[in-house]
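Have the viewer open as you read.

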Amino acid sequence: MLTYEQARRTVIEEVAKAKGPRATATISVWDALGFVLAEEVKTEREYPPFHRSTRDGYAVRAAEASAGATLRCLTEIKAGDTVTHSLVAGTCVQIMTGAAVPDGADAVVMIEHTSRDGDSVRFERAAQPGQNIVPRGSEAQRGETILSPGMRLGYAELALAAQVGATQLCCGRKPRLAILSTGDEVVSVDQQPGAFQIRNSNSVSLAAQVRLAGGEPVLLSNAADRIDDLRAKIERGLKEDALVLSGGVSMGKYDLVETVLKELGAEFYFDAVAIRPGKPAVFAKCGDAFVFGLPGNPVSTMVTFDLFVVPAIDLLSGAPARDLPLVEARLGAVLNEKQGLAHFLPARVEWRGTTPEVKALPWQGSGDIAALARANCYLVVAADRGQISAGETVPILLRKDVV
Ligand code: AMP
Ligand code: MG
């Protein structure tokens with residue numbers, strides 16, 4: 001059985017291998033959050049476009065503004081003012097944050113370090129050449145590439161595009177992931193379940209996880225635990241870039257997903273991973289579509305999605321597969337887990353100062369969505385660890401949607 005690291009690597013290798021050129025679309029900078037850039041974005045001028053003051057204060061020649069010196073203030077420059085004059089020797093100019101520093105000045109002294117009497121400005125400490133000025137062109141040269149194909153657009157990347165006037169961005173189309181739940185007991189979330197039925201919460205979490213990861217969910221209805229219904233709905237799902245199934249991959253008599261995938265000629269890369277929850281996870285390819293058969297217990301579905309589907313979405317979007325957001329935390333309370341499988345336990349990490357401390361939450365196993373809704377991370381217990389004492393350092397996998 002593969003470890004989760006091996007299984008992830010398998011997904012990354014197989015999806016990377018299949019990667020062809022992606023269709024692109026032009027997306028407004030207002031709507032492009034989470035898209036992956038398909039073209040370079042270049043600057044149209046230098047940044048900053050002028051020597052920019054980073055402080056409210058006085059523009060000076062540093063050599064003249066020694067400690068205790070006095071200079072006459074001739075005028076003021078505010079942000080946005082056109083500046084064409086040079087600083088006259090023996091004088092200073094009052095200047096605001098974001099304003100252009102005039103030629104001749106090579107430092108800005110913070111107003112807090114000066115005192116003023118009429119036109120006369122006294123400097124309390126010596127100015128250093130270059131201080132509080134960002135030189136023209138120091139952030140980027142004209143024509144420089146500032147965003148590259150394959151970058152996922154977050155808020156800073158979008159702001160950078162906006163800064164250089166790139167308001168229409170050529171992006172990869174989001175990969176479409178069909179979501180198909182399975183199970184005779186599952187009813188749609190807006191239906192009243194019978195006494196022994198459950199609502200289809202997995203389709204809701206999966207759609208949200210697909211969106212968060214940068215994909216476009218395509219919701220198929222639920223398939224009954226019958227070959228004919230499963231087959232018809234799986235065939236529909238295979239028309240998308242990937243199909244994500246929940247349920248029907250365990251050892252039960254009515255777990256028929258693998259049977260149907262085999263009938264349809266799927267190539268299987270794995271059908272079990274040494275993790276709990278999530279051990280029966282399946283990864284296959286059928287035709288041109290990748291297929292993830294995730295176990296149906298809601299927490300299993302969520303964990304296995306984050307481990308295995310997210311990197312596939314990255315690659316299908318034209319981005320490199322992102323690393324797992326694993327970080328270390330101090331264990332807050334002793335843990336006892338069975339060895340043999342890596343465990344992903346719903347847990348809460350809290351930052352005491354800068355040191356994260358994590359505690360596993362009480363839970364009823366992989367069906368317990370409420371425990372995960374209280375969690376902001378998974379505590380990862382390696383397969384070869386049994387007891388772990390309080391105070392030890394343990395890896396945690398952040399739930400990036402809430403931390
Ligand atoms: P399975 O993987 O099909 O054996 O299902 C495991 C458990 O997850 C069972 O208790 C199912 O009732 C539950 N389950 C399966 N599909 C869903 C779903 N779409 N939403 C919520 N729970 C589900
Ligand atoms: Mg089932």
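## Ground rules

A polar contact here is a pair of N or O atoms within 3.5 Å; within protein, one must be able to donate a hydrogen and the other to accept it, and residues adjacent in sequence count only if both atoms are side-chain atoms. This is a predicted model, where local features need pLDDT of at least 70 and side-chain atom pairs count only at pLDDT 80 or more, while totals for chains, interfaces and linings use all residues. Residues are numbered from 1 along each chain as its sequence is written, chains are lettered from A and ligands numbered from 1 in the order in which they are written, and side-chain values use heavy atoms, leaving out hydrogens and water.

## Contacts of ligand 1

Let's start with the polar contacts. A polar side-chain atom of Glu-185 sits 2.6 Å from an oxygen atom of ligand 1, and a polar backbone atom of Gly-248 is 2.9 Å from an oxygen atom of the ligand. On the nitrogen side, a backbone N or O atom of Ser-201 lies 3.4 Å from a nitrogen atom of ligand 1. Taken alone, ligand 1 exposes 490 Å², and the protein buries 78% of that (accessible areas by the Shrake-Rupley method with a 1.4 Å probe).

## The shell around ligand 1

In total, 17 residues surround ligand 1, and Glu-185, Asn-200, Gly-248, Gly-296 and Asn-297 are the closest (a heavy atom within 4 Å counts as near). The shell divides into four nonpolar, 10 polar and three charged residues, with Gly counted among the polar ones. Strand E15 (198–199) and helix H3 (201–213) each supply at least two of the shell residues; helices of at least four residues and strands of at least two are DSSP runs, numbered from the N terminus.

## Features along the chain

A search of the whole structure finds 21 salt bridges (a side-chain nitrogen of Lys or Arg within 4 Å of a carboxyl oxygen of Asp or Glu). One of them joins Arg-136 and Glu-46, at 3.9 Å from N to O. These partners are 90 residues apart, with Arg-136 in the loop between strands E10 (133–134) and E11 (145–147) and Glu-46 in the loop between E2 (41–42) and E3 (52–53).

The loop between E2 and E3 also holds Pro-48, and the peptide bond from Tyr-47 to Pro-48 is cis, with omega near -10°. Another cis bond runs from Arg-276 to Pro-277, with omega near -5°.
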